[in-house]
Amino acid sequence: MRTVAIILAGGIGQRMGSTVPKQFLEVKGKPIIVHTISNFEKNPRVDSVLIVCNPDWVDYLNDLVTKYGLSKVRWVVPGGETSHDSTRNGIFSLRGELGKDDFIIIHDAARPILPQGAIDEMLDVAAEHGNASLAIPCYETVIYTEDQKCGDRALDRTTIMRVQTPQAYRFSEILPLYERAEAEDRHDFVYADLVAIEYGMKVYFSSGFVNNIKVTRPEDIPLCESLMGFTEEQLFSRK
């Protein structure tokens, strides 16, 4: 059984207000994407890494791979017009590379805070059920809204899980779902878990954690820097 981590780095970081895509901004002296890839470099259960990259930044990414000795990176493929298209490009590029018992991990390049225990638990759950997504319970009050300005109906938060990345899938089970989406010209799925649910797959959860932040806005940078000073035990505890 092999496991390939697909890192989604196709975005342009519009909400960051920078000319540099957010995944290439530096935190603690290294680009965010280098921190993210390093988490999978350290995990012995991850065999290799595929990066789906903004086409304009592929050369720069290849330079980073060489500079930081990211030896598990085997493939760099161009991103698509949407997040779904980028994920599809990564999955489709592994056709012929992976077998029915192999797994893929899908993860955002802009989520560099990822303890090893979170990866390991996710892979344990995926090995048992065929898939696993990091997720956390919803502790806040949740109100339904149609306009983001007001609402008049509370949702039962005990029935809601906040799903994060990374997410792991048995390749032979997720590939045909993406092929079906492609045949139906569907490009509106944000993450693989929504593709799975759309086509009848039950999604299983592993333990997520509150500080699994996706660096999106300028104020996320100092928070990310602070979290990098925490130990894995402070960030994450297994079930």
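A charge sits over a ring if NZ of Lys or CZ of Arg is within 6 Å of the ring centre and within 35 degrees of the ring normal. Keep in mind that this is a predicted model.

With that in hand, select Arg-95 and Phe-92: Arg-95 lies over the face of Phe-92, at 4.0 Å from the ring centre. Then pick Arg-153 and Tyr-144, where the charged end of Arg-153 sits over the Tyr-144 ring, 4.5 Å from its centre.

Next, select helix H2, residues 58–67. Which residues of H2 are buried? They are Val-58, Leu-61, Leu-64 and Val-65. Look down the axis of H2: these buried residues fall within an arc of 115 degrees, so they line one face of the helix. They pack against strand S3, helix H1, strand S4 and strand S5. Now turn to the face pointing away from the buried side, which carries the exposed residues Asp-59, Asp-63, Thr-66 and Lys-67. Just after H2, click on Gly-69, which takes a positive phi of about 60 degrees.

Time for some rings. The whole structure holds 5 aromatic pairs. Select Phe-24 and Tyr-60: their ring centres are 5.4 Å apart and their planes are at 75 degrees, so the pair is edge-to-face. Phe-24 sits in the loop between strands S1 and S2, Tyr-60 in helix H2, 36 residues apart. Is Phe-24 buried or exposed? Phe-24 is buried, at 3% relative accessible area, while Tyr-60 is partly exposed at 33%.

Conventions:
Residues are numbered from 1 along each chain as its sequence is written. This is a predicted model: local features need pLDDT of at least 70, side-chain atom pairs count only at pLDDT 80 or more; totals for chains, interfaces and linings use all residues. Side-chain values use heavy atoms; hydrogens and water are left out. Helices (H or I, at least four residues) and strands (E, at least two) are DSSP runs, numbered from the N terminus. Buried means under 20% relative accessible area, exposed over 50%, partly exposed in between (1.4 Å probe, protein chains only). The arc is that of the directions from the helix axis to the C-beta atoms. Contact means heavy atoms within 4.5 Å. Rings of Phe, Tyr and Trp (its six-membered ring) pair if their centres lie within 6.5 Å; planes under 30 degrees apart count as stacked, over 60 as edge-to-face and the rest as tilted.
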